[in-house]
Amino acid sequence: MRYAIFTDIHANLEALEAVLAKIDELAQEEPIDQIWFLGDLVGYGPNPNECIEKLRERADLIIAGNHDWAVVGKLDLEDFSAAARASAEWTAQQLTEEHREFLYELPERINREDCVLVHGSPFGPIWEYLTSEVLAERSFEYFSPRFCFVGHTHVPVIFQQPFDLSKAPTTPLNEAGQQYEESDEVPEDDDTEQLVAVHPSQFAGQTAQPVEQERGEAESLQSVVADAADMIAEVQQMQADDPPEHVIAQMEAEESSSFTGEDEIPHEVSEQGQETTDKDTDHVEVEVDSQNATEQAAASATTSENTIQEAEGRLNEEIDELLTLLGLSQSMVSISNEMLVPPEGSWSAPEHYRAIINPGGVGQPRDGDPRASFMIYDTERGFTFYRVPYPFEQTQEKIIQSGLPPYLAKRLEFGR
């Protein structure tokens, strides 16, 4: 069997159409049996009704994302960033009654014989951001099949774990990095209640039950560390939605065809290598080399690997700082899984391993690559990851015309 799997369309019709066109192209070479969608059909983008209609025509399995439930009142918008909240309120006004009911009834989790589908994570199906091995360690205990497919972060990632470790309790380490002996005192988890109180909605509506019975103090410590890491991930996600002015300025400086005002869109280059003239945006016609323009646009729109690594390093530092305040550290938790960046191409899980897999986002990529993401799951041969370019300038223009926050348009060309 072959399945096309993608997530996080976010009302970006141009990106969705590009992904579906690529899937149709692949299906001509080898049949694709079903299409699965992992949540967040709406939010941020300008075409919620059109995207819902098109996906309902094509997809065989659709689950809910946090934005899908927020626009129909199943989640509190107070837990969203300002930009996400504004787009959710705008989307709620645009939806037809039929589409509103459709989003309301979407399930938060679908279990199949060989895999599980959730938006966030097996532990927190709607809200949790899987951004680290610490968080993935906890989630491996909340599903039984070999694979779990997730979205939510808009970043392609794989967490893999040996089968023989997936059922074993996670044992914390002491401050020296050694396993606790039975006679040792494991640190109390007095901060658990405080952590959950900071963001109580994070775990609201959870229906998944752990595979094993209640853990002791050792497993509670693992949960405290994961809760702290998850809190930081959520804060960073909100900062990504509402970046400081200097971050926007840096983006504009790096982009050769950046905006010159909130109501303008980037220049478009024709197939003949000439910049198009648009009376509404006062574009000026200039001669350029088509191939060089394409290469320069790709280079400027893709965040460098060093920048991504620096961001990940800052995340780890922030996690450590928060855990230090709680008298904990990441090194106190024994990690049995490994985080991988999937290649653009084929990947297979090692024999006797299970995995949590995120194909990346369709309409709001956040890994520094503006191209839409999806993957093919072949039950016989493994996974193939794809990136598809699409005319994001058209989406940008519609976002501006709709009166949505201008940054939601600007970020599309940066993959951020």
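Is K398 buried, partly exposed or exposed? K398 is partly exposed, with a relative accessible area of 22%; buried denotes under 20%, exposed over 50% and partly exposed the range in between (1.4 Å probe, protein chains only). The model is predicted, so that local features need pLDDT of at least 70 and side-chain atom pairs count only at pLDDT 80 or more, whereas totals for chains, interfaces and linings use all residues. Residues are numbered from 1 along each chain as its sequence is written, and side-chain values use heavy atoms, with hydrogens and water left out.

With a salt bridge taken as a side-chain nitrogen of Lys or Arg within 4 Å of a carboxyl oxygen of Asp or Glu, 14 salt bridges are counted. K398 is paired in this way with E14, at 2.6 Å between the closest N and O atoms. Because K398 belongs to helix α13 (residues 392-402) and E14 to helix α1 (residues 13-29), the pair ties together parts 384 residues apart in sequence. Helices (H or I, at least four residues) and strands (E, at least two) are DSSP runs numbered from the N terminus. E14 is buried, at 9% relative accessible area.

A salt bridge also joins the side chains of R2 and D378, with an N to O distance of 3.7 Å. R2 in strand β1 (residues 2-6) and D378 in strand β11 (residues 372-378) are 376 residues apart. Both are buried, R2 at 12% and D378 at 7%.

R387 and D367 form a salt bridge at 2.7 Å, N to O. R387 lies in strand β12 (residues 382-388), and D367 in the loop between β10 (353-358) and β11. Salt bridges with shared partners connect E344, D367, D369, R371 and R387 in one network.
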